[in-house]
Amino acid sequence: MYTTNIAFSTFLVIAFPLLAALCSIVRRTFDWTDAFAWIMLLVGMAEKFLLAEGGSRMAHGNFNWGYILAVYLLWFVSIRDYAAWRCSFADGRGVGRALSIFFFILCGLLLIAHFISGIYYLYYLVVLGNGI
């Protein structure tokens, strides 16, 4: 509601899960749980963007629930895949293992950046008083 660019804000929310899913597809570990989470996100986004209310009820976010639950499930599945990914380093050798470690670190850096931005946002809301 407060963003100037909805597409960019949506991308920032799913940046880590998107990179984790792309790496999972390349590693061939993308399973039905991952597919279900992404399909649920697409349905939630369609519900949010196509059924949005206007007027005095616009700020209520009544059609956001599916999207919010889908983002939660997507993050849960992505963190699960990321944690399982670390256990698979012993399987590879050579260049494949080095690329796997590189992309694991890249996903980790993106996850840390998201975590830091979340801490800053909490500070912005609570300490600076913008959430009141």
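1. Packing of H1 against H2. In this predicted model, helix H1, residues 6–27, packs on H2 at an angle of about 170 degrees. The axes of the two helices lie 12 Å apart. Angles over 145 degrees count as roughly antiparallel, and H1 and H2 are therefore roughly antiparallel to each other. The crossing in which H1 passes H2 is left-handed. On the H1 side the contact is made by Ile6, Thr10, Ile14, Pro17, Leu18, Ala21 and Ser24. H2 contributes Asp34, Trp38, Leu41, Met45 and Phe49. Sorted by class, the contact of H1 with H2 holds 9 nonpolar, 2 polar and 1 charged residues.

2. Packing of H2 against H3. Helix H2 covers residues 32–50 and helix H3 covers residues 65–86. These two helices pack at an angle of about 155 degrees, and their axes are 8 Å apart. H2 and H3 are therefore roughly antiparallel to each other. Their crossing is left-handed. From H2, the residues in the contact are Thr33, Asp34, Phe36, Ala37, Trp38, Met40, Leu41, Gly44, Met45, Glu47 and Lys48. From H3, they are Gly66, Tyr67, Leu69, Ala70, Val71, Leu73, Leu74, Val77, Arg80 and Asp81. The contact of H2 with H3 comprises 13 nonpolar, 3 polar and 5 charged residues.

3. Packing of H1 against H3. The angle between H1 and H3 is about 40 degrees, with 10 Å between their axes. That angle makes H1 oblique to H3. H1 passes H3 in a crossing that is left-handed. Residues of H1 in this contact are Thr10, Val13, Ile14, Phe16, Pro17, Ala20, Cys23, Ser24 and Arg27. Those of H3 are Tyr67, Val71, Leu74, Trp75, Ser78, Ile79, Asp81, Tyr82 and Trp85. By class there are 13 nonpolar, 3 polar and 2 charged residues in the contact of H1 with H3.

4. Residues that take part in two contacts.

5. With residues up to four places away in sequence left out, Ser78 touches Phe16, Pro17 and Ala20. Its relative accessible area is 4%, so Ser78 is buried.

6. Cysteines. A search of the whole structure for disulfides finds 0. Cys23 is in no disulfide, and the nearest cysteine sulfur, that of Cys107, is 4.1 Å away. A disulfide would need the two sulfur atoms within 2.5 Å. Cys23 is buried, at a relative accessible area of 8%. Cys107 likewise is in no disulfide. Cys107 is buried as well, its relative accessible area being 0%.

7. Arg28 in the loop. Arg28 lies in the loop between H1 and H2. At 76% relative accessibility, this residue counts as exposed. The phi of Arg28 is near 65 degrees, which is a positive value in a residue other than glycine. Most residues other than glycine have a negative phi. A reader inspecting the backbone may wish to note this loop position.

8. Phe102 in helix H4. Phe102 belongs to helix H4, residues 94–126. Phe102 is partly exposed, with a relative accessible area of 48%. Val77 lies 25 residues from Phe102 along the chain, and the C-alpha atoms of the two are separated by 21 Å.

9. The chain as a whole. The protein chain has 4 helices and 0 strands, and along the sequence its pattern reads α-α-α-α. Its C-alpha trace spans about 60 × 35 × 20 Å along the principal axes. The chain has 132 residues, of which 26% count as buried. Among contacts between residues at least 6 apart in sequence, 65% join residues at least 24 apart.

Definitions and conventions:
Residues numbered from 1 in each chain as written. Predicted model: local features only at pLDDT ≥ 70, side-chain atom pairs only at ≥ 80, totals over all residues. Heavy atoms only, no water. Axes fitted to C-alpha atoms, helices over the stretch in contact; angles between N-to-C directions. Parallel < 35°, antiparallel > 145°, perpendicular 65-115°, else oblique. Left-handed = near helix turned anticlockwise from the far one by under 90°. Contact = heavy atoms within 4.5 Å. Nonpolar A, V, L, I, M, F, W, Y, C, P; charged D, E, K, R; others polar. Buried < 20%, exposed > 50% of the residue type's maximum accessible area, 1.4 Å probe, protein only.
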